[in-house]
Amino acid sequence: MTTTEPSMPIIDREQLIQRMMGSAEMAKRMLCRFVETSRNECDLIESTVRMGDKSSLASLAHRHKGTAQTMASARVAQVAAALETRAHCDETSELLAMVDELRSLHCEVRAFLSDEFSVSVPSDRGEQK
């Protein structure tokens with residue numbers, strides 16, 4: 001299942017820097033934080049899907065969508081938005097497929113951080129490449 005348009009960049013670098021008041025250093029720090037917390041966020045979203053807590057899933061996905069939008073990651077935001085809107089009506093297997101897609105996109109964000117800002121963040125074990 002693909003919810004996003006793969007031709008879109010994982011991060012709009014210029015937009016990210018603009019959102020950080022023109023500071024590339026602040027953009028780097030905030031993107032590092034986003035990458036560092038992504039594993040726990042995805043784990044929390046996944047466990048909420050597995051528990052069948054649709055309201056909490058919608059809330060978590062909404063929060064993740066907002067954070068992704070702030071980080072200028074339209075593709076991550078799109079998947080989070082799909083999770084938010086489909087939380088109450090999709091099957092668990094479909095929701096879990098979206099969580100897998102979210103994890104994969106976060107790997108792309110990690111690679112972007114490394115390539116664009118020369119920051120090495122250790123990859124999480126068990127995370128898809």
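How do the residues of the lining of the largest pocket divide into nonpolar, polar and charged? There are three nonpolar, four polar and three charged.

This is a predicted model, where local features need pLDDT of at least 70, side-chain atom pairs count only at pLDDT 80 or more, and totals for chains, interfaces and linings use all residues. Residues are numbered from 1 along each chain as its sequence is written, and side-chain values use heavy atoms, with hydrogens and water left out.

**Stop one: the pocket.** Select Met30, Arg33, Phe34, Thr37, Glu41, Arg63, His64, Thr67, Thr70 and Met71, which line the largest pocket. Helix H2 (24-51) gives the most to this lining, with five residues.

Arg63 lies in helix H3 and Glu41 in helix H2, so the pair ties together parts 22 residues apart in sequence. Glu41 is buried at 19% relative accessibility, where buried means under 20% relative accessible area, exposed over 50%, and partly exposed in between (1.4 Å probe, protein chains only). Arg63 is partly exposed at 42%.

**Stop three: Asp43 and Arg103.** Here a salt bridge spans 2.9 Å, N to O. It links helix H2 with helix H5 (residues 92-117), 60 residues apart. Arg103 is buried at 9%; Asp43 is partly exposed at 29%.

**Last stop: Glu108 and Arg75.** Their salt bridge has its closest N and O atoms 2.9 Å apart. Arg75 is buried at 6%.

Key. On a 1 Å grid over the protein atoms alone, a cavity is a set of points where a 1.4 Å probe fits but cannot get out, and a pocket is an open set with protein on both sides within 12 Å along at least five of seven lines; lining residues have an atom within 4 Å of a point. Helices (H or I, at least four residues) and strands (E, at least two) are DSSP runs, numbered from the N terminus. Ala, Val, Leu, Ile, Met, Phe, Trp, Tyr, Cys and Pro count as nonpolar, Asp, Glu, Lys and Arg as charged, and the others, Gly among them, as polar. A salt bridge is a side-chain nitrogen of Lys or Arg within 4 Å of a carboxyl oxygen of Asp or Glu.
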